[in-house]
Amino acid sequence: MEIENLGRAGFESYSFGSTIFFFNNEKNKTSFADQDITKKTWWLCAKGHPIHNSFNNLEKKPYCPFCAKDTIKEYNDLPHKEIRDQIIANWEKNADRQQRRADAQMYSSFTIEENRDLIKDLVEENNQFADIRSKLLDPIPTKQDRYEKKVDRTNSAVKRFAKHLDNTKLLWYSRNLDILAEMQFLGAFSLADLWHTVVVWYRVTNKDEVNKLKEDLGEAPNYISAIVFPNKNKEPYSVVYPTFKSDAELRDLALSSSAFDHKFLEIKKQQKIIMLEFNQVENNADFLNNDEFGSKEWQTKNKIPIDTIQQRFAYIRQFLCGLSQNRLAYYLDDKGITIDQKGVKYWEEKETDEPSFVKNHLDDVVSVFAELSYALLHTPMRLDLERQFKDMPYQDISIEQVKMLIEDFLLYGTEDSCRYDIPALIKQTTEFSKSKADLLWEQAKVKHIIQIKEDPVPTKEVSENPSYISLWIDILLNKTEEEVVEDLNDFYGKGEDLKKEVFFLWHTINTKYDQEKQNEGIKPPFN
């Protein structure tokens, strides 16, 4: 290091590039050459500020902290200070917006139980958060928890008809449930006297069932099980009868919607009948009131009004779930809600801004509706997503996604307020008679029901990309108890059970990994 004589008595000067420091010989009573370069001694900067530091440290960071503060103060006093403050404010605002978006995605994803289980398992297996980070490239195995579809088959006619279906294979059974749900959706319009009489038939093929029918009905080439949804009666009825039609004839009839075997079906020939083979029912709900299809026989007399929450409640119950008021009361009783048929009727007919089922039982009502409409809605919802995201791999819709659709549709009714597209079978069979202003006002009155507008990340994607888990644990580690409780109230509304689950998850993570907190948030580009 070059020593310069700058005329300061009692000081040796040292140049660190363009920065000059003076070593105080008098204070240290010796020359710098005799000093330990790692030991702190007294220096002066070119402006006379005293600095207590070692030669090594000054060589690494050759600046005076006092001069640096003055420079920042002078910088802050420059005319562009307002621009600088605006940049910082925008940076913080954008950072906050990005954080809230990440929060929304995380809390939305936590509505899926399997996602919470993935995190619980990882936290239990790893004593340090760093161990989880090291596994970001390894897929995490998920628990195989297939959702068991529910289709209400308590109606005696539906129960008898379903009995003769061939459910010998799991895949067939699952598909049969979907078709049964769609069959009941179509039949509900007939029973409400909004459409023609609907008949669905099925050639019995199950050998055990055929043998029983031979004993009861005598020998015949084939046996047909049919269900009739009359357009003027209150209840459907089922019929099982022998037929002398050949397999080829029945295959041809399966491709037509024209009625046959009127006598066995107890229907009049002059009646307008839509008669469908059971497997042909699939996807036919999209034809109802579909202008592109252009067939008058698929036009209902009227569409269902859904101007109010009460009307949407009744539509979901009757058409999407295929439930009577009495049957819905039964399912709600399983959720701990004491109510009977009269109570459900009161919910549907009492006009009030905040119906009691929204105020007190929204989560349980949505849960029942989603469970009983899942078989009907999961396929059209999946097809809508595949049309929208063409590169998305095949993945079935979860029960949680159906709950989101049902809740949004029940509360608001319009697609612009829903997290998922409303399926065509709903849009084509319902109508608003209110003005847009009326609808907006109704939506405003239920705005206290908080929605999570970010789509949840499916469990399969989380398991294949564990960086989601790392991000979510990191977010939870940087939230205080007050913050997470406030978030839970905002994102989950009255969902107390879900709040408890996520709060326990937050507590578990913070108890185990609190000492490893490092993330201090997104900093602005300058202080």
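Helix axes here are lines fitted to C-alpha atoms over the stretch in contact, and angles between N-to-C directions run from 0 to 180 degrees. Helices (H or I, at least four residues) and strands (E, at least two) are DSSP runs, numbered from the N terminus. The model is a predicted one, where local features need pLDDT of at least 70, side-chain atom pairs count only at pLDDT 80 or more, and totals for chains, interfaces and linings use all residues. Residues are numbered from 1 along each chain as its sequence is written, and side-chain values use heavy atoms, with hydrogens and water left out.

With that in hand, let's look at a helix pair. Helix 13 (residues 325-334) packs on helix 14 (residues 341-349) at an angle of about 105 degrees, and their axes are 8 Å apart. Angles under 35 degrees count as roughly parallel, over 145 as roughly antiparallel, 65 to 115 as roughly perpendicular and the rest as oblique; helix 13 and helix 14 are therefore roughly perpendicular to each other. Helix 13 brings Gln325, Asn326, Leu328, Ala329 and Leu332 to the contact (heavy atoms within 4.5 Å), while helix 14 brings Gln341, Val344, Lys345, Trp347 and Glu348.

## The chain as a whole

The protein chain holds 22 helices and eleven strands. Of its 527 residues, 46% are buried, where buried means under 20% relative accessible area, exposed over 50% and partly exposed in between (1.4 Å probe, protein chains only). Take the contacts between residues at least 6 apart in sequence: 65% of them join residues at least 24 apart.

An open sheet is formed by four strands in the order 8-7-6-9, with mixed pairing; two strands pair if DSSP finds at least two bridges between them. Strand 8 (237-243) and strand 9 (273-277) stand at the edges with a single partner strand each, so one side of each has no neighbour in the sheet. From one strand to the next, the twist averages 25 degrees.

Inside this sheet, strand 6 (residues 197-203) and strand 7 (residues 222-229) run antiparallel and are joined by six bridges. Valine 199 stands opposite valine 228 in strand 7. Helix 10 (residues 247-254) lies across strand 6, strand 7 and strand 9, and runs at about 145 degrees to strand 6.

Helix 7 (residues 156-163) has Ala157, Val158, Phe161 and Ala162 as its buried residues. Seen down the axis of helix 7, these fall within an arc of 125 degrees, so they line one face of the helix; the arc is that of the directions from the helix axis to the C-beta atoms. On the other side of helix 7, the exposed residues are Ser156, Lys159 and Lys163.

Helix 12 (residues 309-320) is mostly covered, with ten of its twelve residues buried. Among those buried in helix 12 are Arg312, Tyr315, Arg317 and Phe319. Just after helix 12, glycine 322 takes a positive phi of about 65 degrees.

Arginine 116 lies in helix 5 (residues 113-125) and counts as buried at 7% relative accessibility. Not counting residues up to four places away in sequence, arginine 116 touches Phe110, Thr111, Leu498, Glu501, Val502 and Leu505. Arginine 116 and valine 502 are 386 residues apart in sequence, yet 7.9 Å apart in space, C-alpha to C-alpha.

Asparagine 176, in helix 8 (residues 170-191), is buried with a relative accessible area of 8%. Leaving aside its neighbours within four places in sequence, asparagine 176 is in contact with Leu165, Asp166, Asn167 and Phe278.

## Two aspartates with positive phi

Aspartate 193 sits in the loop between helix 8 and strand 6. Its phi is near 60 degrees, a positive value in a residue other than glycine, and at 31% relative accessibility aspartate 193 counts as partly exposed.

Aspartate 261 belongs to the loop between helix 10 and helix 11 (262-265). Phi of aspartate 261 is near 55 degrees, again a positive value in a residue other than glycine, and aspartate 261 is buried, with a relative accessible area of 16%.
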